[in-house]
Amino acid sequence: MAKQLVVFYSRKGENHMPGGIQILEKGHTAYAAEYIRDALDADIFEIDTVVPYAENYRECCMEAVREVKAGARPEIKCYVEDISGYDRIFVCFPCWCGTAPMCVFTFLEHYDLSGKMILPLCTNEGSGLAKAPADLERSCPGATIGEGLSVRGHQVRDSRDVITAWAKKQV
């Protein structure tokens with residue numbers, strides 16, 4: 001069986017939570033990605049933008065809106081050198097403007113993902129996967145977009161069993 005890859009973008013610092021904005025030492029999506037890594041003994045890769053998003057939550061939201069409207073592909077610092085040995089790629093991200101952050105598409109569109117299974121996990125506070133699966137399908141021609149999982153961000157740390165069971169079901 002080929003090795004699994006977990007790719008994620010996660011926002012630490014100011015985040016929207018029930019009750020308002022809170023500062024997180026580690027983003028919700030990072031926990032979810034690590035649960036998958038641990039459950040499958042998978043490789044993991046964190047997407048990191050060259051120009052960081054604003055630290056202020058509301059300013060970051062405005063940046064995200066501008067990027068979506070422009071179809072932007074923000075530059076990222078590095079890529080996985082060779083993804084040919086991975087048959088399944090778990091793509092974990094927070095829901096921004098009803099889809100994945102644009103830097104996730106920067107990463108995915110760098111590769112020919114034909115024949116690969118792309119499995120989205122989206123952290124959010126109520127939007128679910130929104131239009132992310134359709135957007136992933138457009139950005140990953142020739143790949144199959146598998147069953148996604150939506151997890152409430154503020155519940156991620158209590159959702160290890162749910163995330164692990166979903167990940168194991170996909171392989």
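This is a predicted model: local features need pLDDT of at least 70, side-chain atom pairs count only at pLDDT 80 or more; totals for chains, interfaces and linings use all residues.
## Pockets

The largest pocket has a volume of about 470 Å³. Its lining counts 22 residues. Tyr 9, Ser 10, Arg 11, Lys 12 and Asp 48 lie nearest the centre of this pocket. Two elements, strand S2 (13-17) and helix H1 (28-40), each give at least two residues to the lining. By class, that lining holds 10 charged, 8 nonpolar and 4 polar residues.

S2 and H1 each supply at least two lining residues here, as do helix H2 (57-70) and strand S6 (117-124). H2 gives the most, with 4 residues. The lining of the second largest pocket splits into 9 polar, 8 nonpolar and 2 charged residues.

## Helix packing

H1 also packs against helix H5 (residues 160-169). The two pairs described here are set out below.

| Helix pair | Angle | Axis separation |
|---|---|---|
| H1 and H5 | about 55 degrees | 9 Å |
| H3 and H4 | about 30 degrees | 10 Å |

Start with H1 and H5, whose axes meet at an angle of about 55 degrees. That angle makes H1 oblique to H5. The crossing of H1 past H5 is right-handed. On the H1 side, the contact is made by Ala 32, Tyr 35, Ile 36, Asp 38, Ala 39 and Leu 40. On the H5 side, Arg 160, Ile 163, Thr 164, Trp 166, Ala 167 and Lys 168 take part. The residues of this contact comprise 8 nonpolar, 3 charged and 1 polar.

The other pair joins helix H3 (residues 102-109) and helix H4 (residues 132-139), at about 30 degrees. Angles under 35 degrees count as roughly parallel. H3 and H4 are therefore roughly parallel to each other. H3 passes H4 in a crossing that is right-handed. H3 brings Phe 105, Leu 108 and Glu 109 to the contact, while H4 brings Asp 135, Leu 136 and Ser 139. The contact of H3 with H4 has 3 nonpolar, 2 charged and 1 polar residues.

Key. Residues are numbered from 1 along each chain as its sequence is written. Side-chain values use heavy atoms; hydrogens and water are left out. On a 1 Å grid over the protein atoms alone, a cavity is a set of points where a 1.4 Å probe fits but cannot get out, and a pocket is an open set with protein on both sides within 12 Å along at least five of seven lines; lining residues have an atom within 4 Å of a point. Grid points are joined across faces, edges and corners, and a volume is the space filled by probe spheres set on the points. Ala, Val, Leu, Ile, Met, Phe, Trp, Tyr, Cys and Pro count as nonpolar, Asp, Glu, Lys and Arg as charged, and the others, Gly among them, as polar. Axes are lines fitted to C-alpha atoms, for helices over the stretch in contact, and angles run from 0 to 180 degrees between N-to-C directions. Angles under 35 degrees count as roughly parallel, over 145 as roughly antiparallel, 65 to 115 as roughly perpendicular and the rest as oblique. A crossing is left-handed if the near helix is turned anticlockwise from the far one by less than a right angle, and right-handed if clockwise. Contact means heavy atoms within 4.5 Å.
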